[in-house]
Amino acid sequence: MSEYPSTEPQPSYVKLAMRNMVRKGGTSIKHFLLSAVGLLAVLIGLAYLTR
């Protein structure tokens with residue numbers, strides 16, 4: 001006996017992540033934006049330092 005029925009495909013990580021984002025609401029969007037801004041700041045800082 002497998003965990004998933006053979007007729008139903010195993011849910012992809014993207015689908016699970018999307019479902020999780022919808023369930024958690026604004027917090028994951030806020031965290032994503034913070035991560036994006038942080039990464040951008042690091043890249044701009046490196047570009048400035050190594051010019």
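R23 is exposed: its relative accessible area is 65%, and exposed means over 50%. The model is a predicted one. R23 sits in helix 1, which covers residues 13-24. Together with K15, R19 and K24, R23 makes up a patch of positive charge on the surface.

Now step back to the whole chain. The chain holds two helices and zero strands. Of its 51 residues, 2% count as buried. The accessible surface of the chain is about 5100 Å². Carbon and sulfur atoms account for 69% of that surface.

Return to helix 1. Its twelve residues should span 16 Å at 1.5 Å a residue. How many of the twelve residues of helix 1 are buried? The count is zero, and helix 1 is hardly covered. Just after helix 1 comes G25, with a positive phi of about 75 degrees.

The surface carries a nonpolar patch too. V14, M18, M21, I29, F32 and L33 form this patch. Together they have about 620 Å² of accessible area. Which elements give two or more residues to the nonpolar patch? They are helix 1 and helix 2, the latter being residues 26-49.

V14 is one of the patch residues, and V14 lies in helix 1. Is V14 buried or exposed? V14 counts as exposed because its relative accessibility is 59%, and the cut-off for exposed is over 50%.

An α-helix has 3.6 residues a turn, so residues three or four places apart point the same way. With that in mind, look again at helix 1. Helix 1 holds both R23 of the positive patch and V14 of the nonpolar patch.

Definitions and conventions: Residues are numbered from 1 along each chain as its sequence is written. This is a predicted model: local features need pLDDT of at least 70, side-chain atom pairs count only at pLDDT 80 or more; totals for chains, interfaces and linings use all residues. Side-chain values use heavy atoms; hydrogens and water are left out. Patches are made of residues with over 30% relative accessible area and no salt bridge: like charges are joined within 9 Å, nonpolar side chains (Val, Leu, Ile, Met, Phe, Trp, Tyr) within 5 Å. Accessible areas come from the Shrake-Rupley method with a 1.4 Å probe; for residues, only the protein chains shown count as cover. A salt bridge is a side-chain nitrogen of Lys or Arg within 4 Å of a carboxyl oxygen of Asp or Glu. Lys and Arg count as positive and Asp and Glu as negative; His and the chain ends are not counted. The place of a charge is taken as NZ of Lys, CZ of Arg, CG of Asp or CD of Glu. Helices (H or I, at least four residues) and strands (E, at least two) are DSSP runs, numbered from the N terminus. Buried means under 20% relative accessible area, exposed over 50%, partly exposed in between (1.4 Å probe, protein chains only). The expected span of a helix is 1.5 Å times one less than its number of residues.
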